[in-house]
Amino acid sequence: MSNKFAWIMSPDKDWDDKKELITTGLESGIDYVLDLKDEENIRKVGNFNIISNKEDADIYLIGINGEGDTSYPLKDLNSSKDINEAKKAKSEGKVVCAYIEIIDKLHEQLAVAIGKIVDYIILVGKDWTVIPLENIIADLQKEDVKIIAAVKDAEEAQVAIETLEVGTDGVIFEAKDFSQIKDISNLIESLSSEKYSLEDVTITNIKSLGSGDRVCIDTTTMMKPGEGMLIGSYSKSMFFVHSESLESEYVASRPFRVNAGPVQAYVMVPGGKTRYLSELETGDEVLIVDNEGNTKTSIVGRCKIEKRPLILVEAEFEGMKIKSLLQNAETIRLINKNKEPVSVTDLKAGDKVKAYIDTNARHFGIAIEENIVEK
């Protein structure tokens, strides 16, 4: 389960009474706000994306201004004002979000119909254990629309996001207090975390090479011992390269850094994708992995490319050959079978280290089912 998100619905309060709630949302990583009257004030707080029925909104909202299908009797889909407005807004090039209260079967059908037109759809119901989220998710799963459930708290958010396994893409909630915002934000972060199965691979060869352009990834995250990144010369097999979070007699620790490898190597990024190390720039996202395979997203602060001596690390897993190039230095570490950091300069044939094995091939960093040979 990945790439889930939360939006805040601005509470119906004076600006002075809701400013801190909106600010807490931003500090918790929620930068999308549905608001119909305080857009200018919200933009002064931070770089928010505003969802509203104003023409200059970042995401144009239909169905919430008292003129939509929930406010007027809906006899059939042909009489839907929301569908007509959605088509018009999309024809004008707007990013469109529909807001629909599911009050009967016809409004459920409306959600499916309008979901095939808009970019986002907010579904509002009194009780998601009763409202048929499953039907709407199933009917729209092949459409290019993000489904968002309106919820009250973290418990309802979890139900919505886990419905029918794939769940909704996100949730929206009216900000009421700081603990509610933090609870939902923490839930989204935990549910969005990807997990990678780390296998024990057997070292078959270690060989010093000449110099090459090596990439250091400096992140905006302070990593702990036991955390690093998945790096590899092959996209289908990537070694766990430990962060520089350990003290050394040669250099001080740099817990924000992973000395990743040469420019042509791959690094795992969010969404099950890979990037070439040479492509990474300030502001890009990368995955930090711990020695259990749990992950979290971090932002690249900078990348340093420098000429450094390289070492070839070869390993084997169930008949598959695995290779990667790393900097030849005592401070570059992999993780052994006991989940302990081990320097590449101490590795020898027969040692076991942790690696991620992907059975899919990749095109442009995206996993696909295809037979591609890398050697």
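## Basis

The model is predicted, with local features needing pLDDT of at least 70, side-chain atom pairs counting only at pLDDT 80 or more, and totals for chains, interfaces and linings using all residues. Residues are numbered from 1 along each chain as its sequence is written, and side-chain values use heavy atoms, with hydrogens and water left out.

Helices (H or I, at least four residues) and strands (E, at least two) are DSSP runs, numbered from the N terminus. Two strands pair if DSSP finds at least two bridges between them.

## The parallel barrel

Eight strands form a closed barrel in the order S1-S2-S3-S4-S5-S6-S7-S8, with parallel pairing. On average, neighbouring strands of this sheet are turned by 25° against each other, direction ignored. Axes are lines fitted to C-alpha atoms, for helices over the stretch in contact, and angles run from 0 to 180 degrees between N-to-C directions. Ser-52 stands opposite Tyr-60 in S4.

Helix H4 (residues 105-115) packs on the sheet and touches S4, strand S5 (96-101) and strand S6 (120-124), contact meaning heavy atoms within 4.5 Å. The direction of H4 makes about 175° with that of S5. Helix H7 (residues 178-191) also packs on the sheet, touching strand S1 (5-9) and strand S8 (170-174). The direction of H7 makes about 180° with that of S8.

## Antiparallel pairing around S16

Strand S16 (residues 295-317) pairs with strand S9 (residues 198-219) in the antiparallel sense over 15 bridges. Ala-315 in S16 is the bridge partner of Ile-203.

S16 also takes part in two hairpins. Strand S15 (residues 285-290) runs antiparallel to S16 and is joined to it by 5 bridges, with Val-289 opposite Thr-295. Between S15 and S16 lie 4 residues, and Gly-293 in the turn has a positive phi of about 90°. S16 and strand S17 (residues 320-327) pair antiparallel over 8 bridges, with Glu-314 opposite Lys-323 in S17. Here 2 residues separate the strands, and Glu-318 in the turn has a positive phi of about 50°.

## Ser-237

Ser-237 lies in strand S11 (residues 237-242). With a relative accessible area of 0%, Ser-237 is buried (under 20% relative accessible area, 1.4 Å probe, protein chains only). Not counting residues up to four places away in sequence, Ser-237 touches Gly-232, Met-320, Ile-322, Tyr-356 and Ile-357.

Methods
Buried means under 20% relative accessible area, exposed over 50%, partly exposed in between (1.4 Å probe, protein chains only).
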